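This report concerns the surface and the contacts of one protein chain. Please consult the sequence and the structure shown below while reading.

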Amino acid sequence: MEAKRSTAKYWALFFFWLIVMLVLIVFLRQFFWMALPGTVTYFAKAMDIM
């Protein structure tokens with residue numbers, strides 16, 4: 001049986017990337033895609049999918 005690990009760090013990183021992505025959508029729309037991989041990756045890690 002695998003031990004459950006804490007995902008608090010991944011949630012914090014997800015919300016950081018989410019804020020970065022929202023700022024980029026508002027101010028620099030053409031660079032929105034640069035923040036998308038970090039947002040999706042840390043959401044998956046926070047949900048313990050990866």
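## Nonpolar surface patch

In this predicted model, helix H1, which spans residues 8-27, is the largest contributor to the nonpolar patch, supplying four residues. The patch covers about 760 Å² of the surface and consists of Ile19, Val23, Val26, Phe27, Leu28, Phe31 and Met34.

Valine 26, one of the residues of the patch, is located in helix H1. Valine 26 is classed as exposed because its relative accessible area of 61% lies over the 50% cut-off.

## Lysine 45 in helix H2

Helix H2 comprises residues 32-46 and includes lysine 45. The relative accessible area of lysine 45 is 25%, so this residue is partly exposed. A distance of 23 Å separates the C-alpha atom of lysine 45 from that of phenylalanine 31, the two residues being 14 apart along the chain. Phenylalanine 31 is itself among the residues of the nonpolar patch.

When neighbours within four places in sequence are set aside, lysine 45 is in contact with Thr7, Tyr10 and Met50.

Which residues does threonine 7 contact, leaving aside its neighbours within four places in sequence? These are Lys45 and Ala46.

Conventions:
Residues numbered from 1 in each chain as written. Predicted model: local features only at pLDDT ≥ 70, side-chain atom pairs only at ≥ 80, totals over all residues. Heavy atoms only, no water. Patch = residues over 30% accessible without salt bridge, like charges linked within 9 Å, V, L, I, M, F, W, Y side chains within 5 Å. Areas by Shrake-Rupley, 256 points an atom, 1.4 Å probe, with all protein chains shown as cover. Salt bridge = Lys/Arg side-chain N within 4 Å of Asp/Glu carboxyl O. Helix = DSSP H or I, 4+ residues; strand = E, 2+ residues; numbered from the N terminus. Buried < 20%, exposed > 50% of the residue type's maximum accessible area, 1.4 Å probe, protein only. Contact = heavy atoms within 4.5 Å.
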